[in-house]
Amino acid sequence: MDPDSAYAAEGLLAPGGVLLVRTPDWTYFKAAGVADLQNAEPLDCNSPYQIGSATKMMTGTVVMQLQEAGLLSLDDPLSEHLPEIAARLPNGDRITLREIANHTAGLFNYTDNAPDGTPGIMEGGLSDPEMLKSSRGPADLVEFAIVHGEPVFDPGTEGKWAYSNTGYVLLGMIIEKLEGKPLADVFRERIFAPVGMDATFLWNDVPREDFGLPRAWFKAPFDIETTDWNMSQGWAAGGVISTAPDMAMFVEALAAGSLFEQAGTLAAMQEGVQAQFPILTYGTGLCGKPGDTIGHAGQTLGFESDTAFAPASKTTMVFWMNSANNIAAFGVPLVAEIVANHGR
């Protein structure tokens, strides 16, 4: 990429990136750039990466599976499953699981800076290496929202939508309570193993070197390295490590409905509200352009990505880069252009 381009001017660069596009007729799978700026180690196509909020697709999938099993309903109040937390959380007695799942609950987002000036979890790590590496349990993440946050709006207010990682941590806590086992085990048993995602797992600590992740940075000019970000700060909202091929398998399996027992469950998962971006709707951990694509973008302090499937053309797209601020957020439009011009 031309360093003098508009992307560079906005700091939307990354040391390296991977793009996977798969259609019934052809596959494009390439890596560019480096995994480590110090030694210029080339980035491998099959390198693992932090998928960030694309984890919400997995949390949402398990929620829908539990609804199929009759263990919960999206219309349940939060207080039915987490009464102690609901009693302390602002508006906690009025919030439903559906509102949590589609971000219409008005929950304060624990990753945002708080109204009282307290740096948000994750945000504070940009200037404090110890905070960057700090381990946070799910209860700690929710507690931050309870103590420091304020509701963005009343639950279910018409026309209001506000993205909240706090909500997906709550959904993860409900999953663990109903399943009686760690969320990492639930993901593995209900999603990763059935789909064949052998390189994918939920991680709750600083990534180990043997995982093979590339080094990561916040944004150009890459003076803030975030390789040691503690992934417990993402958990059910953004703590999964995966690869481009694994994510392609996941979104294809999801789109095919093969992770569900009932024919209508995928459609119910897609039922959503207008998101912050007018062209998109948001359902239960699933974001998409109606009639065009389904998927979810993801961002951590060191990675940004986009995963999507276009049912009409049966096209799968996975795009990721090893910085937190880059053009991966625009991955689907860019990939659509590649698909449209392929072979020209």
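User: Which residues of α8 does α2 meet?

Analyst: In this predicted model, the α2 side of the contact consists of Lys-56, Thr-59, Gly-60, Val-62, Val-63 and Leu-66. By class, the contact of α2 with α8 has seven nonpolar, four polar and two charged residues.

User: Are α2 and α8 oblique or perpendicular to each other?

Analyst: Helix α2 covers residues 55-68 and helix α8 residues 165-179, and their axes lie 10 Å apart. The packing angle is about 45°, and α2 passes α8 in a left-handed crossing. Angles of 65 to 115 degrees would count as roughly perpendicular. At about 45°, α2 and α8 are therefore oblique.

User: How are α2 and α9 oriented to each other?

Analyst: Helix α9 spans residues 183-195, and its axis is 11 Å from that of α2. The two helices pack at an angle of about 90°. The relation of α2 to α9 is therefore roughly perpendicular.

User: Which residues of α9 make the contact with α2, and how many charged residues does the contact have?

Analyst: From α2, the contact draws on Thr-55, Met-58, Thr-59, Thr-61, Val-62, Gln-65 and Leu-66. The α9 side is formed by Val-186, Phe-187, Arg-190, Ile-191 and Phe-192. By class there are seven nonpolar and four polar residues, and the number of charged residues is one.

User: What is the handedness of the crossing of α2 and α11, and how many charged residues does their contact have?

Analyst: The axes of α2 and helix α11 (residues 244-256) come within 12 Å and cross at roughly 35°, and the crossing is left-handed. Met-57, Met-58 and Thr-61 of α2 make the contact with Met-247, Phe-250 and Leu-254 of α11. By class, this contact has five nonpolar residues, one polar residue and no charged residues.

User: What is the volume of the largest cavity, and which residues line it?

Analyst: The structure holds one cavity of 30 Å³ or more, and the largest cavity has a volume of about 50 Å³. By class, its lining has six nonpolar, one polar and one charged residues. The lining residues are Leu-89, Pro-90, Gly-106, Leu-107, Phe-108, Ala-145, Glu-150 and Pro-151.

User: Where is Asn-91 found, and what is its phi?

Analyst: Asn-91 lies in the loop between α4 (83-88) and α5 (97-101). Most residues other than glycine have a negative phi. Asn-91 is not a glycine, yet its phi is positive, at about 65°.

User: Which residues does the cis peptide bond join?

Analyst: Most peptide bonds are trans. Here omega is about 10° for a bond in the cis form. Pro-221, one of the two partners, is found in the loop between β5 (201-202) and α10 (235-238). The residues joined are Ala-220 and Pro-221.

Technical notes
Residues are numbered from 1 along each chain as its sequence is written. This is a predicted model: local features need pLDDT of at least 70, side-chain atom pairs count only at pLDDT 80 or more; totals for chains, interfaces and linings use all residues. Side-chain values use heavy atoms; hydrogens and water are left out. On a 1 Å grid over the protein atoms alone, a cavity is a set of points where a 1.4 Å probe fits but cannot get out, and a pocket is an open set with protein on both sides within 12 Å along at least five of seven lines; lining residues have an atom within 4 Å of a point. Grid points are joined across faces, edges and corners, and a volume is the space filled by probe spheres set on the points. Ala, Val, Leu, Ile, Met, Phe, Trp, Tyr, Cys and Pro count as nonpolar, Asp, Glu, Lys and Arg as charged, and the others, Gly among them, as polar. Axes are lines fitted to C-alpha atoms, for helices over the stretch in contact, and angles run from 0 to 180 degrees between N-to-C directions. Helices (H or I, at least four residues) and strands (E, at least two) are DSSP runs, numbered from the N terminus. Angles under 35 degrees count as roughly parallel, over 145 as roughly antiparallel, 65 to 115 as roughly perpendicular and the rest as oblique. A crossing is left-handed if the near helix is turned anticlockwise from the far one by less than a right angle, and right-handed if clockwise. Contact means heavy atoms within 4.5 Å.
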